[in-house]
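I opened this entry to keep track of what I looked up, one stop at a time. Here is the structure I had on screen.

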Amino acid sequence: MAEPAGQSETIVILDFGSQYAQLIARRVRENGVYSLLARPDVSVEEIRRLNPKGLIFTGGPSSVYEDGAPRCQAELLELGIPVLGICYGMQLACQILGADIHPGASSEYGRTSLEVLQPDLLLKNIPGHTTVWMSHGDQINALPEEFIPLAATPTCPVAAVRHKTRPFYGVQFHPEVTHTPHGAEIFVNFLYDVCGCTGLWQMGSFVDATVESFRQQIGPDERVICGLSGGVDSSVTVAMLHKAIGDRLACIFVDNGLLRMNEVELVESTFADHFKIDLTTVRAADLFLDKLAGVADPQEKRRIIGHTFIDCFKSAAAEIPNVRYLAQGTLYPDVIESGHSLAGEAANIKLHHNVGGLPAELGFDLIEPLRDLFKDEVRQAGELLGLPEQIVWRHPFPGPGLAVRCLGPITRDKLDLLRKADNILLEEIIAADLYRKTAQTFAVLLPIRTVGVMGDGRTYDNVIALRSVDTSDFMTADWSRIPYDVLADISNRIINEVPGVNRVVYDISSKPPATIEWE
């Protein structure tokens, strides 16, 4: 992986299977230091090439003494690079350096009381007695004299440790989770006091450097095209490239008839009118809806929408001359999951466009301005680039759009009903100052009807389900605790203002076992 623009300090995080690996990477970046994830067996040569300021070994579900447990090259601990081991990562490094690891007398899970025995650099300014989040069954059984215990819990005598002669520190607990109140200070101590970082990873510097790199890369007679969806990722990609090359950027926006209320108008007014970007809107709602007529299976919906989108995009792209590059809003988590990074082996690459990626036979060179960024960093970049708040902070929207929120076969009337209900929901969430406090909020039209009473008459009408979740990474999520009075206002407005709806329900399922979307 090449060094990203705008930074020269890197922390490499070796992922031993932790569910918190990306969270650790984000914690590092929040403190002004660039981070990237790597496989545990990353080579010493690759680490030397990256020249990191420090290494972090993550936790993981294995036991270090098991056959087949993930391991790193022992030589990493001989490079003189500071290392922080977390949970499994601490146990593995300590084992390599001579410690004995065995199952503990009892496991520790959840909040645990920690006593700081010796603050040293890592635990500097941490209270002598504090709370940490534990999740382990193994622990250090015998510690060689080359180590100094830094902290203990009632059942774990070595809850933090450092080596006397090597720049290695370890913590048995998880400083990356919010359940460890002083975890942020521990990361600051490691990054700045142990590793000597200075905080060069700043979004303004990244944006400026990336824009300049595209000015140098893209020739004066070459053009770039980008599929604009209206979401934050594609919008920031467009804004960054437009700043770099101006009217040599051409955008294609496909109106598939499955968008939210006023979405077409918002995209056109923002990018064509305000930013003066060369925008082609392909008005293909009739084409998409005709192909979707009578289709109930969600996977078949996705297939039809994906293929039809690609056909529309290819047709529009063919009308734009001198195109060499295709820009996509691929994010760093997409790169990790695709295997096209130090963190994993190649699977099917997860391209940006939210219905599944554009085909290689388009013949363009790919550029991905956001491939080093997490979602929260993309939002920061969007604000710096002057994008309006309603785009920068817009909740995620599935590629198939309302097709997977209108359960069962799709009709124009059902889509109109769902749009109105969804718009009311969002209006009330925004009015209650909850939009940026929730991660994703939307309405779903269920494929059932229920009996009701309106006035003096009996009704048999549609059901709208409301879904709102809180999450930081969308891998897990919990349902939002929206106040009852706000839910009451939403329900009353939908039932009174949307003809054909007589019942509103609220989804209180977490992920897992449910998913965020219904289809």
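**Entry 1: the segment after β18.** I started with Pro 512, which is found in the segment after β18 (501–506). This is a predicted model, so I note backbone values as computed ones. The peptide bond from Lys 511 to Pro 512 is cis, and I read an omega near -15 degrees there. The next residue on my list was Pro 513, which also lies in the segment after β18. The bond from Pro 512 to Pro 513 is cis as well, with omega near 10 degrees. I flagged both because most peptide bonds are trans.

**Entry 2: a positive phi.** Next I went to Asp 120, which is found in the loop between β5 and β6. Its phi is near 50 degrees, a positive value in a residue other than glycine. For context, I jotted down that most residues other than glycine have a negative phi.

Entry 3: β5 (residues 100–116) and β6 run antiparallel and are joined by 12 bridges.

How many strands form the open sheet with mixed pairing? I find 9, in the order β2-β1-β3-β4-β9-β8-β7-β5-β6. The edges are β2 (34–38) and β6 (129–142); each has a single partner strand, so one side of each is left without a neighbour in the sheet. Ignoring direction, neighbouring strands here are turned by 20 degrees against each other on average.

**Entry 4: aromatic pairs.** I searched the whole structure and got 9 aromatic pairs. I looked up one of them, Phe 147 with Phe 168: the ring centres are 6.5 Å apart and the planes stand at 90 degrees, so the pair is edge-to-face. The pair links distant parts of the chain, with Phe 147 in β7 (residues 147–152) and Phe 168 in β9 (residues 168–171), 21 residues apart.

**Entry 5: the parallel sheet.** I then turned to an open sheet of 5 strands, ordered β12-β11-β10-β13-β14, with parallel pairing. Here β12 (278–283) and β14 (365–367) are the edge strands, each with a single partner, so one side of each has no neighbour in the sheet. The twist averages 30 degrees from one strand to the next.

I checked the pairing of β11 (residues 249–255) with β12, which is parallel and runs over 6 bridges. Cys 251 stands opposite Leu 279 in β12. Helix α7 (residues 263–274) lies across β11 and β12, and it runs at about 165 degrees to β12.

**Entry 6: α5 on α6.** Now the helix pairs. Two packed helices are described by the angle between their axes and the distance between the axes.

The axes of α5 (residues 203–217) and α6 (residues 232–245) come within 8 Å and cross at roughly 55 degrees. α5 and α6 are therefore oblique to each other, and α5 passes α6 in a right-handed crossing. On the α5 side, I listed Phe 206, Val 207, Asp 208, Thr 210, Val 211, Phe 214 and Arg 215, which meet Met 240, Leu 241, Lys 243, Ala 244 and Ile 245 of α6. By class, this contact has 8 nonpolar, 1 polar and 3 charged residues.

**Entry 7: α6 on α11.** Val 232, Asp 233 and Val 236 of α6 make the contact with Lys 375, Val 378, Arg 379, Ala 381 and Gly 382 of α11. My class count for α6 with α11 reads 4 nonpolar, 1 polar and 3 charged residues.

**Entry 8: α13 on α14.** How do α13 (residues 412–431) and α14 (residues 484–497) pack, and at what angle? They pack at about 150 degrees, with their axes 9 Å apart. That makes α13 roughly antiparallel to α14, and the crossing is right-handed. In α13, Ala 421, Ile 424, Leu 425, Glu 427, Glu 428 and Ile 429 meet Val 486, Asp 489, Ile 490, Arg 493, Ile 494 and Glu 497 in α14. By class, the contact of α13 with α14 has 7 nonpolar, no polar and 5 charged residues.

Key
Residues are numbered from 1 along each chain as its sequence is written. This is a predicted model: local features need pLDDT of at least 70, side-chain atom pairs count only at pLDDT 80 or more; totals for chains, interfaces and linings use all residues. Side-chain values use heavy atoms; hydrogens and water are left out. Axes are lines fitted to C-alpha atoms, for helices over the stretch in contact, and angles run from 0 to 180 degrees between N-to-C directions. Helices (H or I, at least four residues) and strands (E, at least two) are DSSP runs, numbered from the N terminus. Angles under 35 degrees count as roughly parallel, over 145 as roughly antiparallel, 65 to 115 as roughly perpendicular and the rest as oblique. A crossing is left-handed if the near helix is turned anticlockwise from the far one by less than a right angle, and right-handed if clockwise. Contact means heavy atoms within 4.5 Å. Ala, Val, Leu, Ile, Met, Phe, Trp, Tyr, Cys and Pro count as nonpolar, Asp, Glu, Lys and Arg as charged, and the others, Gly among them, as polar. Two strands pair if DSSP finds at least two bridges between them. Rings of Phe, Tyr and Trp (its six-membered ring) pair if their centres lie within 6.5 Å; planes under 30 degrees apart count as stacked, over 60 as edge-to-face and the rest as tilted.
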